[in-house]
Amino acid sequence: MNLVQILFWFLSALTLFSALMVILSKNPVHSVLWLILVFFAISGHYVLLNAQFLAIVNLIVYAGAIMVLFLFVIMLLNLNKETEPKKNIWMKLAGTIAGGCFLISVSNVIYNAQTGSAELANKATLMGKGSIGLIETLGKTLFTDYVIPFEISSVLFLSAMVGAVIIGKKD
Amino acid sequence: MPIQYYIYLALALFSIGIIGVLTRRNAIIVFMCIELMLNAANLLLVAFSQMHQKIAYAANPAATNGIEAQLFVFFIMVVAAAEVSVGLAIIVMLYRNTRSVDINFLNRLKN
């Protein structure tokens, strides 16, 4: 096993464990902290795949901005273990079974796809090489082929900002 | 790494998100699980982009095959940031009206 494989398995285990802890923690603040760990692990995956720009953007936007917003709201509402709504054990069991059924059925589809067709068999990802994840190549494509969606997303941000202010306004 | 490892990883992450949405009643945790599912999709898009790059890379190391997937991930992050700001505003409004973040009380908003 070389270093890339060791890092892949370590980051995968970290991602899944932290994601489980997000939904198992009783305290919402702990959930947010575990979710930040998930985002760091996924950024590590991006670095392994040489998607350096996305790794940094993931850290800045998700772990930096979005999670701080979540923490602000949780602390503003003063949520903790005591205010956590209790759910019926049967509902929890039903939700877990439904999610498990989804996992089993889709993994069976993927297993059949990789054994039954050449579409997925013997395909691998390029690790640590290639130039498409670099900011130079991405920026060139973003500002030539995808410049209209990029500008439209600024309108989306403006409308989201106005919407958030109007919804959150005390009236 | 073989592509199916990434597919199974993203699938497991997505299923954990689904289980979280179905089993938790705190609206903020439900919202965080949606972020988890978005990230599973992002990880899969990046893995597939590098898979297409590997095929083209053998012939031409400067090829840009698969760059669209990484731009899609960028736009997904943009939309997620906008979605979170509006969604958290809705949750704050829900808390102000019902004094709770239990999603079962969302039906009170119609009155």
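Biologist: Where in chain A is the place of A:I110?
Modeller: Quick ground rules: residues are numbered from 1 along each chain as its sequence is written, while chains are lettered from A and ligands numbered from 1 in the order in which they are written. Also, this is a predicted model, so to speak of local features we need pLDDT of at least 70, side-chain atom pairs count only at pLDDT 80 or more, and totals for chains, interfaces and linings use all residues. Helices here are DSSP runs (H or I, at least four residues; strands are E, at least two), numbered from the N terminus. By that numbering, A:I110 belongs to chain A's helix α4 (residues 89-116).

Biologist: Does A:I110 count as buried, exposed or partly exposed?
Modeller: We count the other C-beta atoms, placed from the backbone, within 10 Å of a residue's own: 20 or more is buried, 12 or fewer is exposed, and in between is partly exposed. A:I110 has 15 such neighbours, so the label is partly exposed.

Biologist: And which residues does A:I110 touch, leaving out residues up to four places away in sequence?
Modeller: A contact means that two C-beta atoms, placed from the backbone, lie within 7 Å. A:L120, 10 residues along the chain, has its C-alpha atom 8.7 Å from that of A:I110. The contacts of A:I110 are with chain B, namely B:Q4 and B:I7.

Biologist: Zooming out, how many residues of chain A are in contact with chain B?
Modeller: From chain B, 63 residues take part. Each of α1 (3-23), α2 (27-59) and α3 (67-98) of chain B supplies at least two residues of the side that touches chain A, and α3(B) gives the largest share, 20 residues.

Biologist: What is the radius of gyration of chain B?
Modeller: Chain B has three helices and zero strands, and its C-alpha atoms fill a box of roughly 65 × 25 × 15 Å along the principal axes. The radius is taken over C-alpha atoms, and the globule rule is 2.2 Å times the number of residues to the power 0.38. For 111 residues that rule gives 13 Å, so chain B is more spread out than a compact globule, with a value well over it: 19 Å.

Biologist: How does chain A score on the radius of gyration?
Modeller: Chain A reads α-α-α-α-α-α along the sequence, and its C-alpha trace spans about 55 × 45 × 30 Å along the principal axes. For its 171 residues, a compact globule would come out near 16 Å, but chain A has 21 Å.

Biologist: What separates the centres of domain 2 and domain 3 of chain A?
Modeller: The bounds come from an automatic or database domain assignment. It gives domain 1 (1-85), domain 2 (86-129) and domain 3 (134-171). Taken over C-alpha atoms, the centres of domains 2 and 3 of chain A are separated by 32 Å.

Biologist: How do α2(A) and helix α3 (residues 52-77) of chain A run, roughly parallel or roughly antiparallel?
Modeller: Axes are lines fitted to C-alpha atoms, for helices over the stretch in contact, and angles run from 0 to 180 degrees between N-to-C directions. Here the axes are 8 Å apart at about 175 degrees. That angle makes the pair roughly antiparallel (under 35 degrees is roughly parallel, over 145 roughly antiparallel, 65 to 115 roughly perpendicular and the rest oblique). Residues that meet across the pair include A:F39 and A:F40 from α2(A) and A:Y62 and A:F70 from α3(A), and the description asked for is roughly antiparallel.

Biologist: What phi does A:N50 take?
Modeller: Most residues other than glycine have a negative phi. A:N50 lies in the loop between α2 and α3 of chain A, and its 21 C-beta neighbours inside 10 Å make it buried. Though not a glycine, A:N50 has a positive phi of about 65 degrees.

Biologist: Over in chain B, is B:R99 buried or exposed?
Modeller: B:R99 is in the segment after α3 of chain B, with a positive phi near 60 degrees in a residue other than glycine. Because it has 11 C-beta neighbours inside 10 Å, B:R99 counts as exposed.
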